[in-house]
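Subject: Structure handover, with notes on what was found

Dear colleague,

Here is the structure I promised to pass on to you. Please open it beside this message, so that you can follow the notes below with the chain in view.

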Amino acid sequence: MLKNQKTGMIGPRLMTPMTPSQRTGISRNSFLTQKTKKPEDWDDEMDGEWEPRQIDNPEYKGEWKPAQIDNPDYKGPWIHPEIDNPDYSPDPNMGKYDDISIIGLDLWQVKSGTIFDNFLVGDDPAEAKKIGDELWKNTSKAERAMKDKQDEEERKQMEEEEKSKKADEEDEEEDEDLDKEDSEKEDEPAEESTEHDEL
């Protein structure tokens with residue numbers, strides 16, 4: 001740390017000392033009136049805790065803040081000096097690898113089913129296009145057909161599940177109706193027999 005940093009000369013503004021008028025307490029917004037007394041008929045339980053009346057301070061000029069003046073010793077924001085690294089030597093092949101055996105993917109997708117294969121890592125766009133035409137064009141149609149087939153199978157499966165679910169719901173409704181009819185029959189009073197036993 002430099003000497004001027006220890007002395008506080010790096011700030012663009014300096015605070016001035018407090019003036020005598022600022023120490024007199026005039027900075028209060030309000031103060032208690034001396035003539036106010038608690039009324040004799042004041043009931044703390046009914047009226048609550050009594051507080052003396054306050055009046056506005058006519059000499060209040062807002063919250064006091066120390067005045068600031070420009071710092072004549074300020075030379076701008078301090079920047080740490082830098083020196084050359086004597087052990088540094090440039091290496092043009094630092095990021096070049098002869099063999100990359102592993103590739104990691106970190107993906108977020110809304111719908112699953114995306115297929116990844118035939119990765120190529122290189123620095124020649126012409127070579128990448130040539131290899132892409134040889135591999136991707138030959139396999140893209142077959143992969144697309146396979147994906148369409150999978151989607152169709154999933155769609156049929158979802159339709160069958162929906163039909164089965166609907167049929168189960170209808171069966172449950174029929175069972176509930178039958179149970180309701182049975183309970184209504186049980187609640188009906190039995191008809192009195194009009195036949196009398198012979199003496």
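Does lysine 147 count as buried or exposed, and at what relative accessibility? Lysine 147 counts as buried, because its relative accessibility is 16% and the limit for buried is under 20%. Please keep in mind throughout that this is a predicted model, so everything said here describes a prediction.

The overall layout

The protein chain has three helices and four strands, and when you follow the elements from the N terminus they come in the order α-β-β-α-β-β-α. Of its 199 residues, 3% count as buried, and the chain exposes about 20,200 Å², of which carbon and sulfur atoms supply 50%. If you look at the contacts with a separation of 6 or more, 64% of them are made by residues 24 or more positions apart.

Salt bridges

A search of the whole structure gives six salt bridges, and several of them can be found in the view above by residue number. To return to lysine 147, this residue forms a salt bridge with aspartate 151, and the closest N and O atoms are 2.9 Å apart. Because the two residues are four positions apart in helix 3, about one helical turn separates them.

Another pair to look at is lysine 129 and aspartate 133, which form a salt bridge with the closest N and O atoms 3.2 Å apart. Both residues lie in helix 3, and they are four residues apart, or about one turn of the helix. Here lysine 129 counts as exposed, at 56% relative accessibility, while aspartate 133 counts as partly exposed, at 29%.

Lysine 38 and aspartate 44 form a salt bridge as well, with 3.2 Å between the closest N and O atoms. Lysine 38 is partly exposed, with a relative accessible area of 40%, and aspartate 44 is also partly exposed, with a relative accessible area of 40%. Finally, Glu152, Arg155 and Glu159 are linked in a network of salt bridges.

Which residues make the nonpolar surface patch of about 840 Å²? The patch is made by Tyr97, Ile100, Ile103, Leu105, Leu107, Phe116, Phe119 and Val121. To locate one of these residues, look for phenylalanine 116 in the loop between strand 4 (68-70) and helix 3 (125-187). Phenylalanine 116 counts as partly exposed because its relative accessibility is 43%, which lies between the 20% limit for buried and the 50% limit for exposed.

A buried asparagine in a loop

Asparagine 57 counts as buried, at 12% relative accessibility, and its side chain reaches the backbone nitrogen of glutamate 59 at 3.1 Å.

With kind regards

Notes: Residues are numbered from 1 along each chain as its sequence is written. This is a predicted model: local features need pLDDT of at least 70, side-chain atom pairs count only at pLDDT 80 or more; totals for chains, interfaces and linings use all residues. Side-chain values use heavy atoms; hydrogens and water are left out. Patches are made of residues with over 30% relative accessible area and no salt bridge: like charges are joined within 9 Å, nonpolar side chains (Val, Leu, Ile, Met, Phe, Trp, Tyr) within 5 Å. Accessible areas come from the Shrake-Rupley method with a 1.4 Å probe; for residues, only the protein chains shown count as cover. A salt bridge is a side-chain nitrogen of Lys or Arg within 4 Å of a carboxyl oxygen of Asp or Glu. Buried means under 20% relative accessible area, exposed over 50%, partly exposed in between (1.4 Å probe, protein chains only). Contact means heavy atoms within 4.5 Å. A polar contact is a pair of N or O atoms within 3.5 Å; within protein, one must be able to donate a hydrogen and the other to accept it, and residues adjacent in sequence count only if both atoms are side-chain atoms.
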